Amino acid sequence: MLQLLQRTLVKNASWIFLGQLLSLLTQAAAFVLLARLLGSRELGIYAGAVSLVALIGQYGAFGSGYVFVQYVSADRSRAPEFWGNIVLALLVFGPIFVLFSVFLGKEFLHNGQPWLVLFVALGDCFFKSLSNAIARLYQAFERMHLTAIFTLSSNVARPGVAAYLFLAFSHATATEWALGALLATSTVAIASTIVVFREVGAPRLSFRHLKPHLGEGFVFAMSDSTSSAYNDFDKIILSHLNLNRANGTYSLAYRIINIASLPFISLYAAAIPRFFREGEKGISRTIPLVRKLIPPAAGLGLVIAVVLYFVAPLV
């Protein structure tokens with residue numbers, strides 16, 4: 001039984017790794033296309049807006065995707081209830097944080113493109129949050145191949161739009177690209193929602209059911225927001241100081257580090273449902289799982305650090 005669980009964990013981690021790898025490769029392709037389409041200055045302006053919205057966008061679904069994983073991993077019959085929480089959270093909190101992002105953009109980003117933050121915020125706070133929550137939904141069912149597919153779909157659509165804009169117009173502003181990215185993200189999110197409706201059924205919408213889990217969702221959202229702050233706050237400062245060209249170059253290098261972090265992200269994502277399921281029986285039941293994960297994580301960290309050290313001068 002233990003060997004079966006280990007094989008399942010490896011299989012799920014492999015699916016997540018493959019999905020994340022392909023997603024980041026497509027993002028890297030989109031970034032190369034964007035560098036050609038926008039130029040370094042407009043790319044830096046766009047990176048600043050995306051980084052600002054990333055701090056707020058984590059609250060669009062208010063952590064309801066993680067709450068879904070926490071409870072449905074242990075009891076899959078509750079899926080319609082927590083699917084309803086995802087929908088309600090997005091409808092209630094999504095518009096609030098879109099408007100808040102626009103306000104912060106006017107205060108901190110002086111890029112002369114007032115619609116830019118609105119388009120980015122609509123894409124991230126609402127539609128991207130919906131796509132991410134749907135990916136979590138299948139993560140709870142440990143159907144990681146579908147999690148990988150939904151994650152990849154959102155990231156494949158954007159390079160397609162970037163390629164079209166480049167071939168059709170050869171140049172675009174940050175706002176024009178943000179509108180194209182919004183159309184791509186919303187299309188994928190709507191298509192993903194239709195698939196979930198067919199498989200899981202209609203969500204059970206109940207504010208009475210949502211309210212008790214808002215605190216848990218806030219903790220998850222704040223955790224992601226804190227990670228975004230560590231990752232993206234420097235880009236916001238560069239944009240605020242009008243160092244847009246430097247911001248574009250720096251953001252490109254940052255993508256390389258993201259790709260190098262993929263094995264850790266995959267292992268973490270594959271292990272989450274099992275942590276929640278074992279945690280239902282007591283926190284001590286998670287300790288053996290932690291002990292199994294430490295050696296491969298440490299080994300991966302050492303290998304990645306060495307590779308980055310030797311590759312860095314070539315970038």
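Leaving aside neighbours within four places in sequence, Ser-129 is in contact with Gly-57, Gly-60, Ala-61, Leu-90 and Asp-124. This serine belongs to helix H4, which covers residues 116-140. Because its relative accessibility is 9%, Ser-129 counts as buried. The contacts and accessibilities reported here come from a predicted model.

The chain contains 11 helices and 0 strands, so that its pattern along the sequence reads α-α-α-α-α-α-α-α-α-α-α. Of the 315 residues in the chain, 47% are buried.

Helix H4 is mostly covered, with 19 of its 25 residues buried. From the first C-alpha to the last, H4 reaches 35 Å, close to the 36 Å expected at 1.5 Å a residue. Not counting residues up to four places away in sequence, Phe-127 touches Leu-122, Leu-182, Thr-185, Ser-186 and Ala-189. The C-alpha atoms of Phe-127 and Ile-190 are 8.1 Å apart, although 63 residues separate the two in sequence.

Helices H2 (residues 64-72) and H3 (residues 79-108) pack with their axes 9 Å apart and at an angle of about 170 degrees. Angles over 145 degrees count as roughly antiparallel, and H2 and H3 are therefore roughly antiparallel to each other. On the H2 side the contact is made by Ser-64, Gly-65, Val-67, Phe-68, Tyr-71 and Val-72, and on the H3 side by Ala-79, Phe-82, Trp-83, Asn-85, Ile-86 and Ala-89. By type, the residues of this contact divide into 9 nonpolar and 3 polar, with no charged residue.

Helix H3 has 30 residues and reaches 40 Å from its first C-alpha to its last, close to the 44 Å expected at 1.5 Å a residue. A bend of about 35 degrees occurs in H3 at Phe-93, and the proline Pro-95 follows within four residues. Phe-100 is also placed in H3. At 37% relative accessibility, Phe-100 counts as partly exposed. The C-alpha atoms of Phe-100 and Val-53 are separated by 9.3 Å, and the two residues are 47 apart along the chain.

The loop between H2 and H3 contains Arg-76. Arg-76 counts as partly exposed, with a relative accessibility of 44%. A separation of 7.5 Å is found between the C-alpha atoms of Arg-76 and Phe-141, which are 65 residues apart along the chain.

Most residues other than glycine have a negative phi. Phe-62 is not a glycine, yet has a positive phi of about 55 degrees. Phe-62 is placed in the loop between helix H1 (2-57) and H2. The relative accessible area of Phe-62 is 13%, and this residue is buried. Ser-170, likewise a residue other than glycine, has a positive phi near 65 degrees. The position of Ser-170 is in the loop between helix H5 (144-169) and helix H6 (174-200). With a relative accessible area of 45%, Ser-170 is partly exposed.

Helix H11 comprises 25 residues, 287-311. At 1.5 Å a residue, H11 should span 36 Å, and this agrees with the 36 Å between its end C-alpha atoms. H11 carries a kink of about 25 degrees at Ile-294, shortly before the proline Pro-295. Buried residues of H11 include Leu-289, Leu-293 and Ile-304.

How values were computed:
Residues numbered from 1 in each chain as written. Predicted model: local features only at pLDDT ≥ 70, side-chain atom pairs only at ≥ 80, totals over all residues. Heavy atoms only, no water. Helix = DSSP H or I, 4+ residues; strand = E, 2+ residues; numbered from the N terminus. Expected span 1.5 Å × (residues − 1). Bend = angle between axes of the 7 residues up to and from the residue. Buried < 20%, exposed > 50% of the residue type's maximum accessible area, 1.4 Å probe, protein only. Axes fitted to C-alpha atoms, helices over the stretch in contact; angles between N-to-C directions. Parallel < 35°, antiparallel > 145°, perpendicular 65-115°, else oblique. Contact = heavy atoms within 4.5 Å. Nonpolar A, V, L, I, M, F, W, Y, C, P; charged D, E, K, R; others polar.
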